[in-house]
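Please have the sequence and the coordinates at hand.

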Amino acid sequence: MKVLVVNCGSSSTKYTLFEMESEKKIAWGIVECIGLSEAYYKRQTSGAKEKKTSIKVTNHTEAVELIIKDLLDKKTGSIANIDEIAVVGHRIVHGGDKFSKSVLVTKEVKKGLKECFSIAPLHTPAHYAGILAVEKMLPGIPSVLVFDTAFHQTMPDYAYMYALPYEYYEKHHIRKYGFHGTSHNYVSQRAAAMLRKPLSELKLITAHLGNGSSITAIEKGKVIDTSMGFTPLQGVMMGTRCGDIDPAIIAYIIKKYPQYKNDDDLNTLMNKESGLLGISGLSGDMRTTIKASAEGNKKAKLAFEMLCYSIKKYISAYCGILNGIDGLVFTAGIGENSTAVREKICANLHALGIEMDAKKNNEPSVEERFVSTANSKVKIMIIPTNEELMIARESKVCLHASAQTDE
């Protein structure tokens, strides 16, 4: 059984083709810089070298068409015909409060997804275009939507509600949704396997740390709270996002900086010009920040310390909410690769039972592993995330569930 995973971002389209019996990748790649002159297609198949080609694609529809034609290419393709694909899994950033689990695509589902355009205007229209393109190129092949927000739908109302007039929630669905749910779901399952305990018996904190970062508190397999909110802007400081700030600052900025005349300008400020980039003045990349800090750049050092401190605060708060935890998981680009960030975050958390083994933390391994001391009450783990595989698994389950319902 083969599953094709498609992820249409704001300016890119990624894909992975899986053979689900072994859960191995057959082919994968990305169309990047859609609509720009520097657009390119990067692809790879199992056992072969990566290939990169400059291309001209004006929209996500053309990107999906290019990918599927390439998969079907008689010389270099990975499938002989479209019927080899059992189901297509689409990563969807925001499902609002309409979708609490993965769903098979129908007319009603597409209508519901279009109603979510206003909540995630940069991503959801691109997702929708990808769905239509797949339907055009792979007629008769079912599609499943897997939502980044779905895993967080178990949050209690007192955790997801904002202290605004209740009618804002009733009329406009303003509440915390959380993101990176597919990643948090995957690593929590892997953590349970590593700890050799059922997920239903564990209390975990999962830290998805990348250019965008989120922290999630999980009890008995269910999300109790997560750091991102109505949008991915809330929470910890990130690469170019400010994270939590006093909301009154926005009104103050508008008065002091007349160039911020509308919400687009302010969104750009908070989402693309803040975080590590805004403080250091150098880059939103953690590697650049750490290098500059080591060379004596004070602003880079401040940016590094601010980011780690904001993550430490969330971990500490969630330890309190969960009344202690069994495991702390680091994942995603920074979480998996930055020894300095992990060490800084875990420093002086002994009172919470979190004790890191510096030697284990500095091992150059990319595999799942424990990095806590033998005496640490909390097991600290590094688990490489695999959102694509999680989407493929969800799609397979959803397809089988649908088939059983039809019988």
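Predicted model: local features only at pLDDT ≥ 70, side-chain atom pairs only at ≥ 80, totals over all residues.

## A parallel pair and its helix

Let's begin with strand β1 (residues 2–8), which pairs with strand β6 (residues 85–92) in the parallel sense over 5 bridges.

Helix α3 (residues 124–137) lies across β1, β6 and β8. Its direction is at about 170 degrees to that of β6.

Zooming out, β1 and β6 belong to an open sheet of 8 strands, in the order β5-β4-β3-β2-β1-β6-β8-β7. The pairing in this sheet is mixed. At its edges are β5 (51–54) and β7 (103–104), each of which pairs on one side only.

Strand β3 (residues 24–32) and strand β4 (residues 40–45) are antiparallel and share 6 bridges, with alanine 27 standing opposite threonine 45 in β4. Strands β4 and β5 also run antiparallel, joined by 4 bridges, and tyrosine 41 has threonine 53 in β5 as its bridge partner. The hairpin of β4 and β5 has 5 residues between the strands, and glycine 47 in this hairpin takes a positive phi near 85 degrees.

## A buried histidine

Next, look at the loop between β8 (143–147) and α4 (157–160), where you will find histidine 152. Is histidine 152 buried or exposed? Its relative accessibility is 0%, so histidine 152 counts as buried.

A polar atom of the histidine 152 side chain lies 2.9 Å from the backbone oxygen of phenylalanine 179. Leaving aside residues up to four places away in sequence, the residues that histidine 152 touches include Tyr177, Gly178, Phe179, His180 and Gly181. Also among them are His184, Thr216, Val223 and Thr226.

Finally, turn to helix α10 (residues 286–294), whose buried residues are Met286, Thr289, Ala292 and Ser293. Why do they sit on the same side of α10? Because they cover an arc of only 130 degrees around the axis. On the other side of α10, Arg287, Lys291 and Ala294 are exposed.

Which elements cover the buried residues of α10? The cover includes α9 (275–280), α11 (298–322), α12 (332–337) and α13 (339–346). Just after α10, glycine 296 has a positive phi of about 100 degrees.

Technical notes: Residues numbered from 1 in each chain as written. Heavy atoms only, no water. Buried < 20%, exposed > 50% of the residue type's maximum accessible area, 1.4 Å probe, protein only. Helix = DSSP H or I, 4+ residues; strand = E, 2+ residues; numbered from the N terminus. Arc of directions from axis to C-beta. Contact = heavy atoms within 4.5 Å. Polar contact = N/O pair within 3.5 Å; in protein donor to acceptor, adjacent residues only side chain to side chain. Pairing = 2+ DSSP bridges. Axes fitted to C-alpha atoms, helices over the stretch in contact; angles between N-to-C directions.
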